[in-house]
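Me: I would like to learn how to read a few features from a set of coordinates. Could you take me through them in turn?

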Amino acid sequence: MEWIFRSDLPIYSQLVERIKLGIVSGSFRPGERLPSVRDMAAEAGVNPNTMQRALQELERDGMVYAQRTAGRFVTEDMRVIEHTKKQFAEEQIRSFLDAMGKLGYRREEILSLLAEEKEEEHGNT
Amino acid sequence: MAILECRDLSKRFGAVQALDTVSLKIEPGRVIGLLGPNGSGKTTLLKLANGLLTPTGGEILIEGMAPGNETKSAVSYLPDKPYLAEWMKVRQLLDFFQDFYADFDRDKAMEMLLRLNIDENMRIKEMSKGTREKTQLILVMSRKAMLYLLDEPIGGVDPATRDYILDTIIRNYNPEAAVVISTHLIADVEQVLDDVIFINQGKIVLESSVDQIREEHGMSVDQYFREVFRC
């Protein structure tokens with residue numbers, strides 16, 4: 001995957017988001033060992049200190065844990081992963097509702113549009 | 001100890017004050033962007049660090065020593081202009097670097113030459129401008145130095161090579177060494193930098209980390225630079 005960064009946010013916080021997304025979407029599996037900081041930095045095309053900072057932040061959030069010599073691992077705590085996944089979902093929903101609100105749709109209309117969309121999907125399969 | 005330190009460093013060329021009481025410290029483990037418009041003093045600063053110029057005032061120290069024979073073994077410098085002998089073949093340059101620098105890693109240089117499709121039987125004068133620049137950079141990056149001073153390392157190369165060079169800088173990362181990249185192609189290097197130094201008319205106008213600028217100003221270093229140096 002290609003790493004593209006927004007210009008209005010710190011790079012490390014964008015790395016945190018990207019890796020979290022990788023964990024909740026299963027690209028990094030629970031308990032999986034993460035590559036070394038240097039390899040992850042090279043993969044993302046960022047400075048190793050920046051990647052290090054992102055991983056420390058993920059440790060504080062409980063998304064990854066470090067084992068002194070063996071490296072860093074993705075958490076096996078499914079509650080933490082589910083919780084983070086829910087946060088991502090809520091964020092998506094908020095920005096969707098926000099965009100629809102700007103188009104002038106009210107909640108009920110949005111819900112009926114979603115229901116229609118769902119029927120169409122069923123119809124297509 | 002700082003790898004590079006300047007104390008009230010000044011350099012004057014006749015009526016031109018190229019550097020004006022510059023004080024800064026560069027610590028190990030950092031990748032630093034030396035950023036400024038044309039003629040701001042970037043190249044002068046790097047030349048002073050290599051002993052190619054002598055200060056008019058103040059001092060510049062590499063690991064606590066004034067630039068000289070001893071510091072040259074710790075500093076790997078990429079000048080802003082071509083400096084390799086035109087008649088030499090790549091293989092001869094490899095011999096040359098091996099003779100001169102105890103920290104030169106020939107295998108590493110060979111690997112990079114191969115990656116960038118540079119034939120070791122080629123002479124410098126037969127190369128395109130971009131290939132010359134790549135060859136120079138490969139030689140400089142193949143040393144295991146304490147301080148890399150790279151003056152416009154990506155200016156003349158294509159975007160794919162640029163990516164490869166930046167990748168090389170990341171993979172080369174050594175917590176005990178520091179890398180200084182002087183450039184005005186900020187958007188391209190921003191992601192690999194820890195800190196930036198903005199220099200203008202011989203004076204330091206800003207020292208900050210990349211993420212601090214993004215956090216405080218909500219814009220990239222590139223965008224911030226354009227604001228600070230708006231013409």
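This is a predicted model: local features need pLDDT of at least 70, side-chain atom pairs count only at pLDDT 80 or more; totals for chains, interfaces and linings use all residues.

Me: How many aromatic pairs does the structure hold over all chains?

Reply: A pair of aromatic rings is described by the distance of the centres and the angle of the planes. Rings of Phe, Tyr and Trp (its six-membered ring) pair if their centres lie within 6.5 Å, and planes under 30 degrees apart count as stacked, over 60 as edge-to-face and the rest as tilted. The structure holds 10 such pairs over all chains; among them, B:F97 and B:F104 are tilted, at 5.5 Å centre to centre with 55° between the planes. Both B:F97 and B:F104 belong to one aromatic cluster with B:F96, B:F100 and B:Y101.

Me: Which charged end sits over the ring of B:Y101?

Reply: The criterion is NZ of Lys or CZ of Arg within 6 Å of the ring centre and within 35 degrees of the ring normal. Over B:Y101 sits the charged end of B:R143, 3.7 Å from the ring centre.

Me: Is B:D103 buried or exposed?

Reply: Buried means under 20% relative accessible area, exposed over 50%, and partly exposed in between (1.4 Å probe, protein chains only). B:D103 counts as buried because its relative accessibility is 18%. Beyond four places in sequence, its contacts (heavy atoms within 4.5 Å) include B:R143 and B:S73.

Note on methods. Residues are numbered from 1 along each chain as its sequence is written. Chains are lettered from A and ligands numbered from 1 in the order in which they are written. Side-chain values use heavy atoms; hydrogens and water are left out.
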